[in-house]
Amino acid sequence: MKKMEDYVRAIPDFPSPGIIFRDVTSVLQDPDGLKLAIDSMIKLLDGVTFDLVAGTESRGFMFGMPIAYALGKAFVPVRKKGKLPLETITAKYDLEYGSAEIEIHKDAILPGQKVVLVDDLIATGGTLAATANLIEQLGGEVVKILLLMELAGLKGRDKLMGYDVQSVITYEGN
């Protein structure tokens, strides 16, 4: 039986020399890999009590939706600025070059709701920290941050101190 790591394609020198890009599309394109990814992430939720799943655009949608569906939970999309039609709150965060903004509907999370935050990858942690902040602004509690992959060398966990962060695969480099 293949391990989760066997489904992730490593692409050297992308987007720049010295970087190994961990390609999640190879997981999505393989039925066994996709099933193993979702099942592995769900297993990390054993014993976690929560009300809903929030996922960041766009790969957080790809993994968060099937997890929410399988566990009978609601799903809340966290989108890039300007993509949601109702009243939103916004968080700005830094990227390697520049900044970005994400939004969530003001009525997406009720005070006291327990939220699992899902994404495909943690690199520097900026997107996840901004998303956790939005959830908390609405009165929600982030009870777990769940990821398929982690690039430990980029120290994204440092921005998520105090949160329960788990990933299926951890790569020690960047």
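Tutor: Two strands pair if DSSP finds at least two bridges between them. Strands (E, at least two residues) and helices (H or I, at least four) are DSSP runs, numbered from the N terminus. The model here is predicted: local features need pLDDT of at least 70, side-chain atom pairs count only at pLDDT 80 or more, and totals for chains, interfaces and linings use all residues. Residues are numbered from 1 along each chain as its sequence is written, and side-chain values use heavy atoms, with hydrogens and water left out.

Student: In what order do the seven strands of the open sheet lie?

Tutor: The order is β5-β6-β4-β3-β7-β8-β9, and the pairing is mixed. β5 (88-94) and β9 (165-171) are at the edges with a single partner strand each, so one side of each has no neighbour in the sheet. Angles run from 0 to 180 degrees between N-to-C directions of lines fitted to C-alpha atoms, for helices over the stretch in contact. With direction ignored, neighbouring strands of this sheet are turned by 20° against each other on average.

Student: In which sense do β4 and β6 pair?

Tutor: β4 (residues 74-80) and β6 (residues 99-105) are antiparallel, with two bridges. Lys 80 has Ile 102 of β6 opposite.

Student: Which strands does helix α2 touch?

Tutor: Contact means heavy atoms within 4.5 Å. Helix α2 (residues 31-43) packs on the sheet and touches β7 (114-122), β8 (141-151) and β9, its direction making about 140° with that of β8. Helix α4 (residues 126-137) lies across β3 (52-56), β4, β5, β6, β7 and β8, at about 150° to β5.

Student: How many bridges does β7 form with β3, and how many with β8?

Tutor: β7 pairs with β3 in the parallel sense over four bridges. With β8 the sense is also parallel, over eight bridges. Val 118 of β7 shows both sides: Gly 55 stands opposite Val 118, and in β8 the bridge partner of Val 118 is Leu 146.

Student: How many of the residues of β7 are buried?

Tutor: Buried means under 20% relative accessible area, exposed over 50%, and partly exposed in between (1.4 Å probe, protein chains only). Seven of the nine residues of β7 are buried, so this strand is mostly covered.

Student: Is Asp 120 buried or exposed?

Tutor: Asp 120, in strand β7, has a relative accessible area of 6%, which makes Asp 120 buried.

Student: Which residues does Asp 120 touch?

Tutor: Leaving aside residues up to four places away in sequence, Asp 120 touches Val 24, Arg 59, Phe 63, Leu 147, Leu 148 and Met 149.
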